[in-house]
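Please keep the sequence and the model open while reading.

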Amino acid sequence: MYRRSRLFWALLLVLSIAWIGLGSFLTSELFDSGNLGSELSSEIQSLGSDIQVDALGNLPLPLFFLASGLPFALVSLFFLWRNNKRGPASVSTDPDKVIRRQALLVSLLALLFALFLWNIGGTPGQTGPRPDADFLTATLAPLLWPVHLFVTFIHEAGHSLAALITGGEVLKFEVSPNGSGRAVTAGGYPALILPAGYLGAALFGSALFFLSSRNPKWTRGLSIFLGLSIIVLTVLYARPDQFGNLTANIIGIGFGVAMVALGWLAPRIVNVFLLNTLAILTGLNAVMDLSFLVRFPDAGIGDVMNDAAAFAAEYTPLLPGSVVAFIWSAIAIFMLGAAVYFGLFKPVGGEISDAVKGQN
């Protein structure tokens with residue numbers, strides 16, 4: 001009976017995640033121009049009229065999938081946690097397996113939470129809440145702005161590290177309060193330095209999610225290592241922007257100290273949750289920024305071209321910047337999807353498979 005209950009809640013959790021993830025993705029601007037979303041919205045509104053229920057109101061369609069699937073996911077998480085806690089003696093009590101299962105549940109919750117933050121507006125990749133934002137969106141957007149600045153920090157750090165790895169040097173990198181940034185390098189291999197901003201941010205988010213999900217026992221050490229690395233990068237290379245703003249220094253030192261404190265003081269589960277949330281937001285930001293460049297390939301800051309346009313002009317004259325941005329976007333989506341699959345869904349599938357074998 002215990003195994004049947006566990007299998008039921010695990011299947012419900014997977015279905016809830018699929019409903020939220022696929023629904024939010026297929027109806028967002030990341031998938032298409034909104035045509036599919038409009039069609040689905042019309043169908044859902046029509047169904048709501050038939051049963052005399054206003055299913056959506058002014059709620060954006062991606063948020064509809066999130067709001068309708070999140071309660072089922074949370075209930076499933078609760079009962080899975082309770083079953084693991086109160087399971088029969090025949091269930092493995094191996095400490096490593098217990099830690100692993102707890103980390104999987106927390107990783108799922110972090111994924112849902114990150115998707116929620118991403119969909120409300122004002123998340124990384126956006127300059128603020130939507131004009132028609134509700135109270136929740138307008139309240140959370142300013143709180144999420146430091147995360148957007150941190151992603152810009154990672155973007156510029158990616159350029160800098162690529163320059164160092166390819167034999168160049170880093171003169172400085174900057175982050176401005178409006179979310180823009182610039183890395184100034186000399187030497188190295190520009191063909192690798194240019195894409196290292198967007199793809200570096202996507203790689204950072206993907207690797208962080210994978211490591212913290214698959215190796216939960218390492219998360220406290222991982223937080224401390226990342227925090228110290230960010231502080232070192234900040235001290236060595238972060239400088240004020242052209243207007244004298246110390247944004248890069250404040251964000252680097254602030255997040256670095258916070259991550260060291262997180263790893264030193266917070267429980268393992270808290271580390272898993274916060275690291276995974278930050279990882280998903282960072283990866284999604286890279287994808288959304290690249291999707292923006294696909295639509296607006298000439299976007300830049302003053303006379304400075306964006307990375308994709310600069311790469312196209314220098315190395316792929318037959319491919320426009322929009323195509324380069326699309327290719328980078330596909331690579332970023334692949335990395336993020338692989339991290340979520342191998343770090344989360346594949347292990348969850350293994351747990352379900354073990355439950356089915358135990359039932360038989």
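Helix α8 (residues 219–237) packs against helix α9 (residues 247–265) at an angle of about 160°, and their axes are 7 Å apart. The model is predicted: local features need pLDDT of at least 70, side-chain atom pairs count only at pLDDT 80 or more, and totals for chains, interfaces and linings use all residues. Residues are numbered from 1 along each chain as its sequence is written, and side-chain values use heavy atoms, with hydrogens and water left out.

**Overall content**

- The protein chain contains twelve helices and four strands (DSSP runs numbered from the N terminus, H or I of at least four residues for helices and E of at least two for strands).
- Of its 360 residues, 45% count as buried (under 20% relative accessible area, with exposed over 50% and partly exposed in between, using a 1.4 Å probe and protein chains only).
- Among contacts (heavy atoms within 4.5 Å) in the protein chain between residues at least 6 apart in sequence, 72% join residues at least 24 apart.

- Two packed helices are described by the angle between their axes and the distance between the axes.
- Axes here are lines fitted to C-alpha atoms, for helices over the stretch in contact, and angles run from 0 to 180 degrees between N-to-C directions.
- The crossing of α8 past α9 is left-handed (the near helix is turned anticlockwise from the far one by less than a right angle, and clockwise would be right-handed).
- Contact residues of α8 include Arg 220, Ile 224, Leu 228 and Ile 231, and those of α9 include Ala 248, Gly 252, Gly 256 and Trp 264.
- By class, this contact of α8 with α9 has 14 nonpolar, seven polar and one charged residues (Ala, Val, Leu, Ile, Met, Phe, Trp, Tyr, Cys and Pro are nonpolar, Asp, Glu, Lys and Arg are charged, and the others, Gly among them, are polar).

**Packing of α7 and α10**

- Helix α7 (residues 198–214) and helix α10 (residues 268–295) have axes 8 Å apart and pack at an angle of about 155°.
- That angle makes α7 roughly antiparallel to α10.
- α7 and α10 also cross in a left-handed sense.
- The contact draws on residues of α7 including Tyr 198, Phe 204, Leu 208 and Ser 212, and on residues of α10 including Val 272, Asn 276, Gly 283 and Asp 289.
- Its classes are 13 nonpolar, six polar and one charged residues.

**Aromatic pairs**

- The structure holds six aromatic pairs (rings of Phe, Tyr and Trp, the last by its six-membered ring, with centres within 6.5 Å; planes under 30 degrees apart are stacked, over 60 edge-to-face and the rest tilted).
- The rings of Phe 311 and Tyr 315 form a tilted pair, because their centres are 5.3 Å apart and their planes lie at 40°.
- Both residues, Phe 311 and Tyr 315, belong to helix α11 (residues 307–315) and are four residues apart, about one turn of the helix.
- Phe 311 is buried at 15% relative accessibility, whereas Tyr 315 is partly exposed at 31%.
- Tyr 341 and Phe 342 form an edge-to-face pair, with ring centres 4.9 Å apart and planes at 80°.
- Tyr 341 is partly exposed at 41% relative accessibility, and Phe 342 is partly exposed at 36%.
- Phe 150, Phe 204 and Phe 255 are linked into a cluster by ring pairs.

**Pro 347 in α12**

- Helix α12 (residues 321–359) contains Pro 347, which counts as buried at 12% relative accessibility.
- Pro 347 and Arg 214 are 133 residues apart in sequence, and their C-alpha atoms are 8.3 Å apart in space.

Methods: Angles under 35 degrees count as roughly parallel, over 145 as roughly antiparallel, 65 to 115 as roughly perpendicular and the rest as oblique.
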